[in-house]
Amino acid sequence: MCMEKNIYKKQNIIRLAVFFLELILLLVSVNIIHIYDIEKLSSEQTINVSFDLFAMIVLIIVYVSCVYGKRNRSSDSFILLLMSVYLCVFCELGSWMVDSVANARVYNYLFNIGSACMMIISSWLFFFFTCKSLGIDLNDIKAIRTSITGVAIIGIIAEIMNIVFGYYYYIDKQGIYARSNIGSFLSYLTYVYILGITGILIIRMQMPAKKKSIYMSYILVPFVISAWYTLTGLPPTFFVATFISVILIYANIYVDLGRENVEYELENAHKETELALQRNKQTLSQIRPHFIFNALGSIEELCVVDAKKAESAVHYFAKYLRANMDALGETDMVPFETELDHIHNYIWLEKMRFDDELDYIEDIEFDDFLVPMLSIQPLVENAVKHGMMGKEEGTLHVKIRTYQKDNNYVIEVNDDGCGFDTNMQKDDGRSHIGMSYAKTSIENRLGGTLSIDSKIGEGTTVSIVIPCN
C-alpha cells in the first residue's frame with residue numbers, strides 16, 4: 001500500500017510538471033506572437049494563429065479535467081494523446097509565426113519538424129488509445145503493432161533528415177516555406193498508414209454507430225479539412241481539425257464515465273442492500289433459541305450453586321445479546337478490538353457450558369484496524385459449534401491469531417476439531433450464513449479475502465487477509 005501511495009505521489013508530480021510545461025509553452029506562444037508582431041501576418045496566418053492559440057487554451061482545460069476528474073481505463077492513454085496534439089498545435093503556431101521571416105529560418109525548420117514528428121507520434125498514440133479504449137488486446141495483433149511502430153520510427157527519421165535532403169519541403173534564405181512537387185503526398189504517407197490501420201480496427205469493432213463515428217472523426221475530419229484548405233486556401237488548419245476530433249473523443253469519454261458512474265452507483269447500492277440483508281440474517285441467526293436456552297439453563301443452575309458466577313454469566317449474556325442487537329442498525333466498521341470483546345463474551349458463555357472441554361487461545365500481534373461488525377465472532381462460533389459436534393473426547397482448542405504480512409493484516413481462526421471436506425461444505429445441511437456474511441463483507445467492504453483450509457480429523461483454519469490502509 002505504501003508503494004502504491006509513492007507511485008501515486010510521483011504520478012501527481014509528473015502531471016503537475018506537465019501542466020506547468022503546458023503553461024510555459026502557452027506563454028512562449030504568446031511571446032512569439034509579440035516578437036514577430038501578428039499585425040505583419042496575412043489574414044490567413046492571423047486566423048490560423050488565433051485558432052492554434054485557442055486550441056492550446058482549450059487543451060490545457062481538457063488536460064486538467066482528465067487528470068483531476070473521474071477516470072476510466074483509457075484515461076492515461078488519452079492524456080498522452082492530448083499532450084501530443086498540444087505539442088502539434090504549439091509547433092504549428094510557431095511555424096505560422098516565423099514563416100517568411102529570413103532571420104528565423106532555423107526556427108522555421110525546427111517548428112515544422114516538430115509539428116510533423118508530433119503528428120506521427122499522435123497518430124501512433126491514437127492507435128494505442130483506440131486499442132485500450134475499445135478493449136482490443138495488443139497481444140492478438142502483435143504484427144500490426146510492430147509494423148505501426150516501425151513505420152512511425154521511419155517516418156520520424158525521414159522528417160528529421162528532410163532538413164538535409166528537402167524531399168518534403170524546403171525553406172529558402174528569405175525564410176519562405178515551400179513544398180516539393182510530391183512533398184504533400186510523401187509527408188502524409190506515414191500518417192495515412194497508421195490511421196488507416198486504426199480505422200480498419202475501429203470499423204471491425206462491434207460498437208454503437210455514434211461511438212464508431214466519433215473515433216473515426218480523428219481519422220476523417222483532418223483529411224476533409226485538409227482537402228478544404230487545399231482547394232480553397234481557407235482555414236482552419238490540419239492540426240486544428242485534429243484538435244476538434246480530440247474534443248469529440250473527450251466528450252465521448254465524459255459520457256462513458258457518466259454512464260459507468262451510474263452503473264457503479266447502482267451496483268454498489270445493490271451490493272450494500274445485499275450486505276444489509278445478509279447482516280440482518282446473520283444477526284438474527286446469532287440469537288438462536290437453542291443457544292439462548294442453553295445459556296439460560298446454565299445460569300439457572302449457577303444461581304443455585306454459585307450466585308457470584310451466575311451474576312457474571314448474566315453480565316456476559318447481556319453484553320452478548322446487546323452486541324447482536326446493535327449490529328442490526330450498525331453500518332459502519334468497528335475496531336477489531338470491539339469485535340474481539342464480543343468474542344470474549346461468547347467464549348465466556350461457552351466455557352460456562354463446556355468448562356475444560358473448550359480451550360480458547362489468543363495471539364494478537366495487531367488490533368489497530370477495522371472490520372465489519374459480526375464478521376469474526378461467527379467464525380469463532382463455527383469453530384466451537386462444529387468442533388465440539390464431531391469431537392468425541394479430549395479438549396477442543398480454538399485459537400485466534402492476528403499478524404501483519406506484506407502490507408496486509410491477517411486474522412486466523414483455528415480449531416483442532418473434526419474438520420470437514422471443503423468441497424462438500426455447501427451440501428452438508430448446516431447453516432453457513434455467518435461464513436457467507438463474513439466472506440461477503442470482508443471482500444466488498446475491505447477489499448480483502450477469506451479462505452478456508454480444513455482436513456478431516458485434523459481441524460480447520462479460516463484465514464482473513466485485509467489490505468493495510
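The legends below describe close-up views of a predicted model.

Local features are given where pLDDT is at least 70 and side-chain atom pairs where pLDDT is 80 or more, whereas totals for chains, interfaces and linings use all residues. Residues are numbered from 1 along each chain as its sequence is written, and side-chain values use heavy atoms, with hydrogens and water left out.

View A. Ile171 is found in strand β1 (residues 169-171); strands (E, at least two residues) and helices (H or I, at least four) are DSSP runs numbered from the N terminus. Ile171 has a relative accessible area of 1%, so the residue is buried (buried is under 20%, exposed over 50%, partly exposed in between; 1.4 Å probe, protein chains only). Beyond its neighbours within four places in sequence, Ile171 is in contact with Arg105, Asn108, Tyr109, Asn112, Ile176 and Tyr177, contact meaning heavy atoms within 4.5 Å. Arg105 is 66 residues from Ile171 in sequence, and their C-alpha atoms are 6.9 Å apart.

View B. Strands β8 (residues 449-455) and β9 (residues 459-467) run antiparallel and are joined by seven bridges; strands pair if DSSP finds at least two bridges between them. Ser451 has Ser463 in β9 as its bridge partner. Three residues lie between the strands, and Gly457 in this hairpin takes a positive phi near 85°.

**View C. Salt bridge between Asp341 and Lys319.** The closest N and O atoms of this salt bridge are 3.5 Å apart; a salt bridge is a side-chain nitrogen of Lys or Arg within 4 Å of a carboxyl oxygen of Asp or Glu. Asp341 lies in helix α12 (residues 336-354) and Lys319 in helix α11 (residues 307-326), so the pair ties together parts 22 residues apart in sequence. Asp341 is partly exposed at 33% relative accessible area, and Lys319 is partly exposed at 24%.

**View D. A network of Asp363, Arg401 and Glu412.** Salt bridges link Asp363, Arg401 and Glu412 in a network. Asp363 and Arg401 meet at 3.8 Å, N to O. This pair links distant parts of the chain, with Asp363 in strand β4 (residues 358-364) and Arg401 in strand β6 (residues 396-405), 38 residues apart. The side chain of Arg401 also meets that of Glu412 in a salt bridge, at 3.8 Å, N to O. Here strand β6 is linked to strand β7 (residues 408-415), which holds Glu412; Arg401 and Glu412 are eleven residues apart. Glu412 counts as buried at 18% relative accessibility, while Arg401 is partly exposed at 29%.
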